[in-house]
Amino acid sequence: MLTAWGDDSGSQPDRDRDTYLIAALCDEDDVPEVRKTMESLRLTTEKKVHWHGSSADRRHDLVEAAAALPLAGLVVIHTEAAVSDRRHRRKCLEFLLPNLADMPCSHITLESRSHLDASDVDILQKFRAQKVITSSLRVNHAVGMVEPALWVADIVCGAVVQSRVGNPSYLAKLSGAVDLRQI
């Protein structure tokens, strides 16, 4: 059974305006390996592995490690002018959740954005009521600092953003493991 680990990211506002992403996916049996690998990448000065603020060399190392993991990424990209992050996140989840349920994916753990967490659950419940998805898909939230599996989604989102602003080298290292969906 598949499990998803989702992190969201805004793109670079000056180069890829009004764009928002959410990503990642792996097999449940591979989660311990993913966690171990990501934790081994955390520097002693870091609370968590994080793309933003990392040097080009560090980003290269992060992408190389992610590319070596048994994972597949499903990245949903939403572009809409002058809307809130809440709307971007909601639109991404409206596409992502039914697609995960169809894979089949048992649950998605999203990086907690405390004020947006209830909205995520609301979307899931709405889809269940409309029978868009079955009750088998679960949505959980975790704090990024305590869940290393979320760091992979951050790396994948970072590689996609870089590709969108003219540096496709990071995303190319992830080759066919990432499915991009523009909505």
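**Figure 1. Pro 104 sits in the loop between helix H3 (85-102) and strand S5 (105-111).** Helices (H or I, at least four residues) and strands (E, at least two) are DSSP runs, numbered from the N terminus. This is a predicted model, in which local features need pLDDT of at least 70, side-chain atom pairs count only at pLDDT 80 or more, and totals for chains, interfaces and linings use all residues. Residues are numbered from 1 along each chain as its sequence is written, and side-chain values use heavy atoms, with hydrogens and water left out. Which peptide bond is cis? The one that joins Met 103 and Pro 104. Its omega is about -5°.

**Figure 2. Ala 82 lies in the loop between strand S4 (71-79) and H3.** Its phi is positive, near 55°, in a residue other than glycine. Is Ala 82 buried or exposed? Ala 82 is exposed, with a relative accessible area of 76%. (Buried means under 20% relative accessible area, exposed over 50%, partly exposed in between, with a 1.4 Å probe and protein chains only.)

**Figure 3. Lys 131 belongs to the loop between helix H4 (114-129) and strand S6 (138-142).** Here too the residue is not glycine, yet phi is positive, near 60°. Lys 131 is exposed. Its relative accessible area is 73%.

**Figure 4. Helix H5 covers residues 149-164.** At 1.5 Å a residue, its 16 residues should span 22 Å. The expected span is 1.5 Å times one less than the number of residues. The end C-alpha atoms of H5 are 24 Å apart, which agrees. How many of its residues are buried? The count is 14 of 16, so H5 is mostly covered. Gly 166 follows H5, and its phi is positive, near 105°.

**Figure 5. The whole chain holds six helices and seven strands.** Along the sequence, the pattern reads β-β-β-α-α-β-α-β-α-β-α-α-β. The radius of gyration is 15 Å, close to the 16 Å that the globule rule gives for 183 residues, so the chain is as compact as a globular protein of that length. (The radius is taken over C-alpha atoms; the rule is 2.2 Å times the number of residues to the power 0.38.) Along the principal axes, the C-alpha atoms fill a box of roughly 45 × 40 × 30 Å. Buried residues make up 49% of the 183 residues. Contact means heavy atoms within 4.5 Å. Among contacts between residues at least 6 apart in sequence, 74% join residues at least 24 apart.
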